[in-house]
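Here is a set of exercises to work through with the model open beside you. Try each task before you read its solution.

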Amino acid sequence: MSIKVTDLAEAKPRPRRVAVGMFDGVHVGHRQVIKGADTVLTFEPHPLSVLHPDAAPKLIMPFTAKRDVIEGLGAEELVVIRFDPDFSKIEAEEFVERILIQTLGAEHVSVGENFRFGAKARGDADMLSSRSEFETRVVPLVEVDGETVSSTRIRALVAAGDVEGAMRCLGAPFLLEGEVISGDKRGRTLGFPTANIAPSGEWVVPGHGVYAAFANGLPAAVNVGVRPTFETGRGLLVETYIIDEEVDLYGQILRVAFIGRLRGEKRFPGAEDLIAQMHRDVAEAKDLCATFAPPQ
């Protein structure tokens, strides 16, 4: 990893081109904001989780994935504001003067047209554009498939299982990651050993079903659901079968990039019917992975 991750309290002033935003998902609109910036300024945790916890959205990606995607866009530094009740009281003018100018030394600031900041969200793009200390670039909202791209829209697409639609809005596959845990080991007895993740309720998860994906870069077939053919009593699992590879991933972090939905989750009369369907799923997932081309 070459991108430098810096807490705001540790940042030293230098001439910077700064992109500012929450950037959950780093979707195609966010990518336009970040384009040309050497520094990305973001917030952890999501401000709504502090200000209005009951209204806080499920997040599209964990910080580690956001960091890696932002690095891939060419940013050299990711500056993190630790958002807490005290920070939420900072007035918009102080945010501009103390953080952007004094702390970061911003010479160029890039934001989306709907970006708001400061106490009670009084700061906006017009306020930034009025400042003479730096140049401001305001990026218009971006449309995909005739609708404005937003993190809210992407959450809905992912939850509905439309990972292809989410991918068009993200500009890349939807990513889910987590530590691989021990499951029921039923997949191994069926001939399809899986690496299992119990996703946190903090993150958005694809709707129940079977998907083609890349797991740590390897072609995979993934089941998201509760395994209705067997009365396990376990909750939601993301079960990843890595195709044509035997990999022991217990205790490791697995990152799954979803590229297509194969079918919904269903209950089968018995194990033989399930195994036959799993063979079909794996063959279809393998073909999709072999022909996959990232969004342009």
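Predicted model: local features only at pLDDT ≥ 70, side-chain atom pairs only at ≥ 80, totals over all residues.

Residues are numbered from 1 along each chain as its sequence is written, and side-chain values use heavy atoms, with hydrogens and water left out.

**Exercise 1. The largest pocket**

Task: find the volume of the largest pocket and describe its lining.

Solution. 
- Step 1, the terms. On a 1 Å grid over the protein atoms alone, a pocket is an open set of points where a 1.4 Å probe fits, with protein on both sides within 12 Å along at least five of seven lines; lining residues have an atom within 4 Å of a point. Grid points are joined across faces, edges and corners, and the volume is the space filled by probe spheres set on the points.
- Step 2, the volume. The largest pocket holds about 980 Å³ of space.
- Step 3, the centre. The lining has 39 residues, and G21, M22, N114, F115 and R116 are the closest to the pocket centre.
- Step 4, the elements. Helices (H or I, at least four residues) and strands (E, at least two) are DSSP runs, numbered from the N terminus. Two or more lining residues come from each of helix 1 (28-34), helix 2 (47-51), strand 5 (106-112) and helix 6 (151-159).
- The lining splits into 22 nonpolar, 12 polar and 5 charged residues. Here Ala, Val, Leu, Ile, Met, Phe, Trp, Tyr, Cys and Pro count as nonpolar, Asp, Glu, Lys and Arg as charged, and the others, Gly among them, as polar.

**Exercise 2. The nonpolar cores**

Task: which residues of the largest nonpolar core touch the most other members, and which element supplies its largest share?

Solution. 
- Step 1, the terms. A nonpolar core is a set of buried Ala, Val, Leu, Ile, Met, Phe, Trp, Tyr and Cys residues joined through side-chain atoms within 4.5 Å. Buried means under 20% relative accessible area, exposed over 50%, and partly exposed in between (1.4 Å probe, protein chains only).
- Step 2, the members. The largest core has 34 residues, of which A19, I34, V40 and I70 touch the most other members.
- Step 3, the share. Helix 9 (271-291) is among the elements that supply at least two residues, and with 5 residues helix 9 gives the largest share.
- Step 4, one member. Beyond its neighbours within four places in sequence, I34 is in contact (heavy atoms within 4.5 Å) with A19, F23, V26, V40, I70 and L73.
- Step 5, the other core. A second, separate core has 30 residues, including C169, V238, L254 and V256.

**Exercise 3. Salt bridges of R14**

Task: trace the salt-bridge network that includes R14.

Solution. 
- Step 1, the term. A salt bridge is a side-chain nitrogen of Lys or Arg within 4 Å of a carboxyl oxygen of Asp or Glu; by this rule there are 17.
- Step 2, the first partner. R14 and D38 form a salt bridge at 3.5 Å, N to O. R14 sits in the loop between strand 1 (4-7) and strand 2 (16-20) and D38 in the loop between helix 1 and strand 3 (39-44), so the pair ties together parts 24 residues apart in sequence.
- Step 3, the second partner. R14 also forms a salt bridge with E77, with the closest N and O atoms 2.8 Å apart. E77 lies in strand 4, 63 residues from R14.
- R14 is partly exposed at 29%, whereas D38 is buried at 13% and E77 is buried at 5%.
- Step 5, the network. R14, R16, D38 and E77 are linked by salt bridges.

**Exercise 4. Helices 6 and 7**

Task: why is helix 7 described as largely enclosed, and what packs against helix 6?

Solution. 
- Step 1, helix 7. Of its 8 residues (163-170), 6 are buried, so helix 7 is largely enclosed by the rest of the structure. The buried ones are V163, G165, A166, M167, C169 and L170.
- Step 2, its cover. Helix 1, helix 6, strand 11 and strand 14 are among the elements that cover these residues.
- Step 3, helix 6. Its buried residues are S151, R153, I154, R155, L157 and V158, and they pack against helix 1, strand 7, strand 8 (147-148), helix 7 and strand 9.
- Step 4, the ends. Helix 6 is followed by G161, with a positive phi near 85 degrees, and just after helix 7, G171 has a positive phi of about 80 degrees.

**Exercise 5. L51**

Task: is L51 buried or partly exposed?

Solution. 
- Step 1. L51, found in helix 2, is partly exposed at 43% relative accessible area.
- Step 2. Leaving aside neighbours within four places in sequence, L51 is in contact with F83 and S88.
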